[in-house]
Amino acid sequence: NCDDQLVSALPQSSFSSSSELSSSHSPGFARLNRREGAGGWSPLVSNKYQWLQIDLGERTEITAVATQGGYGSSDWVTSYLLMFSDSGRNWKQYRQEESIWAFPGNTNADSVVYYKLQHSIKARFLRFVPLDWNPNGRIGMRIEVYGCTYRSEVVGFDGKSCLIYTLNKKLINALKDVISLKFKTMQSDGILLHREGQNGDHITLELTKGKLSLLINLGDTKTNPSNAQINITLGSLLDDQHWHSVLIEHFNNQVNFTVDKHTHHFHAKGEFSYLDLDYELSFGGIPVPGKSGTLSHRNFHGCFENIYYNGVNIIDLARRH
C-alpha cells in the first residue's frame, strides 16, 4: 500500500519555484485543497520556463500525483511535465510508453485530477513543469504526491575495489539464478559482475562506452567453438549519473536480461544449465587481475543499490559480516 500523502505534512522550506507572482502566491501555498494565501502557487510570468519543486527530504517511492488550480480563481494548468532528481541538480523527465510524458492537468480551479504512475519513481526531489494553462487566466497549481518510504542499501566503488559473495555450496544446485541491482556512474566503462569456473566458463556484466554487455562464455571452445560465447548488449548513455536497473534471470538454458524495463530473452546453447562455476560472485570488478585474460577490463567506479542474488540482500550481508 504505497499511497501515503507525501506533501501535506512537509514544512514550507520544502517548497521552491522558478518565481512567484507575490508572497501570497508563493510555492508553500501549493498544497492540495488548501486555501491559505492566494490559494495556490502562481509564477511571476506565465510561460513554459516556470516550475514548482518539492523536496521530500529523502529518496522516496512515488506512485501517483494529483493537481488542482488556484482556489476560486481562473488560474489552472491543463498539462505539465514531471521531473525528478536525487540531488536537486541532475534532473530526469518522467517517461511513459518510450516518450516524455505530458500529464493531463485541470479544466477548472477546484476539481482534483489524480494520476497513477504507470511505473513508480524513486527520487528525493520532484519538479512540476507547466506546459499549458487556462488561456483566460494564468498558471496556478496546488499539488499532492503519493507514495511511501523507499528502503535502499547503497555501496560505493572507487574503481579499485570489489565485493565478493561466497555462495553456500549446499544451495549451489538451484535450477534458477536471479540477480538484480541498480547502479549509477559517470564512468563509461567498468565491470559490474563477474563469475567464472575452472574450464574457462564465465559470466561477466560489463559497462562499455556507456552500454551494458552481458558476456556468457560456456567454456566448451574445444568441442563447439561457435557456441562458446554469447554477448548481449542493452541500453546506452548509462553513465549519466542516474540510477539504472539490471535483472538477470537464468533458468536451465533460458536467460532473460533486463536493463531499465527493456528485456532480451535468449537461449544459451550448450550445457549452460551445468555451467561449471566457482562458488564465488564478485561485484564491481574481477578479484584476481588476469583471470579469463581480462587484464584490460576496468573495475567499476560508482554506486550500486539493492544487490540481490536469489533473494539474498548482498549489501546488507556485507554490512553485517
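# Exercises on a disulfide and an arginine

Cys2 has a relative accessible area of 19% and is therefore buried (buried is under 20%, exposed over 50%, partly exposed in between, with a 1.4 Å probe and protein chains only). The model is predicted: local features need pLDDT of at least 70, side-chain atom pairs count only at pLDDT 80 or more, and totals for chains, interfaces and linings use all residues. Residues are numbered from 1 along each chain as its sequence is written, and side-chain values use heavy atoms, without hydrogens and water.

**Exercise 1.** Find the partner of Cys2 in a disulfide and describe the link.

*Solution.*
1. A disulfide is a pair of cysteine sulfur atoms within 2.5 Å.
2. The sulfur atoms of Cys2 and Cys148 are 2.0 Å apart, and the two form a disulfide.
3. The count by this rule is one disulfide.
4. The angle about the S-S bond is -95°, and the link of Cys2 and Cys148 is left-handed.
5. Cys2 lies in the segment before strand S1 (4-5) and Cys148 in strand S10 (residues 142-149), so the pair ties together parts 146 residues apart in sequence. Strands (E, at least two residues) and helices (H or I, at least four) are DSSP runs, numbered from the N terminus.
6. Cys148 is buried, because its relative accessibility is 16%.

**Exercise 2.** Classify Arg319 as buried or exposed, and list its contacts beyond four places in sequence.

*Solution.*
1. Arg319 lies in helix H1 (residues 314-320).
2. Its relative accessibility is 53%, so Arg319 is exposed.
3. Leaving aside neighbours within four places in sequence, Arg319 contacts Glu153 and Val154 (heavy atoms within 4.5 Å).
4. The C-alpha atoms of Arg319 and Glu153 are separated by 9.5 Å, and the residues are 166 apart along the chain.
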